[in-house]
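Trainee: Could you walk me through this one? I'd like to learn how to read it.

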Amino acid sequence: MARFVAANALSGAIPNLLWFQLCWFVAVLGREKLIAVLALLLLVRLLQPDWRRELYLMVTCASIGVIVDAVLTHLEFFVFIPDPMMTLPFWLIGLWLAFSGTLNAGLAWLQGRLFLSALLGAVFGPLSYFAGMQLNAVKFEQNLFFTMLILALTWSLLMPLFSYLAWRFKGITHDS
């Protein structure tokens, strides 16, 4: 375990996960008021030699996440506060981009581990929404248990998909 922690700390996993936590708090607590700060934080993730590949991955996975959240919002599982003019607020789209920015760094160790990805997705995905609910960024419209169950099932599918896409995008070169 100590070797795992040391290897990840040296490879940039821990700074990347801390970056994501900062993005999460800026998005959820600041919402639209701090959208420019969130945008700057997202640009920081692209300050690397393989920024194009990272951008492709971030946009692809964030698009999937935004579509899933839009469907769950349309099905009235939750409403984002304040009620945006669009289906989803800009801060949530930025948050999806930030999460996608962890797939090749902080969460790279999940690539190839589908069961573990599904398990961790089923636990931590819903917890993120629950924390957002506690901070008044989202309101659950259905029973808490039922909503958390739907989110757990959704994230148990999303996380392995995202891990797989991150692995596949590693093969994309700047010329692709």
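Mentor: Let's go from the overall fold to a few single residues.

Mentor: This is a predicted model, where local features need pLDDT of at least 70, side-chain atom pairs count only at pLDDT 80 or more, and totals for chains, interfaces and linings use all residues. Residues are numbered from 1 along each chain as its sequence is written, and side-chain values use heavy atoms, leaving out hydrogens and water.

Trainee: How many helices and strands does the protein chain have?

Mentor: Helices (H or I, at least four residues) and strands (E, at least two) are DSSP runs, numbered from the N terminus. Here you get seven helices and two strands, in the order α-α-α-α-β-α-α-β-α.

Trainee: What share of the residues is buried?

Mentor: Buried means under 20% relative accessible area, exposed over 50%, and partly exposed in between (1.4 Å probe, protein chains only). Of the 176 residues in the protein chain, 44% are buried.

Trainee: What about phi angles?

Mentor: Most residues other than glycine have a negative phi. Glu 76, though not a glycine, has a positive phi of about 65 degrees. You'll find Glu 76 in the loop between helix 4 (51-74) and strand 1 (78-80), and Glu 76 is exposed at 51% relative accessible area.

Trainee: Where is Asn 136?

Mentor: Asn 136 sits in the loop between helix 6 and strand 2 (138-140). Its phi is positive, about 60 degrees, and Asn 136 is not a glycine.
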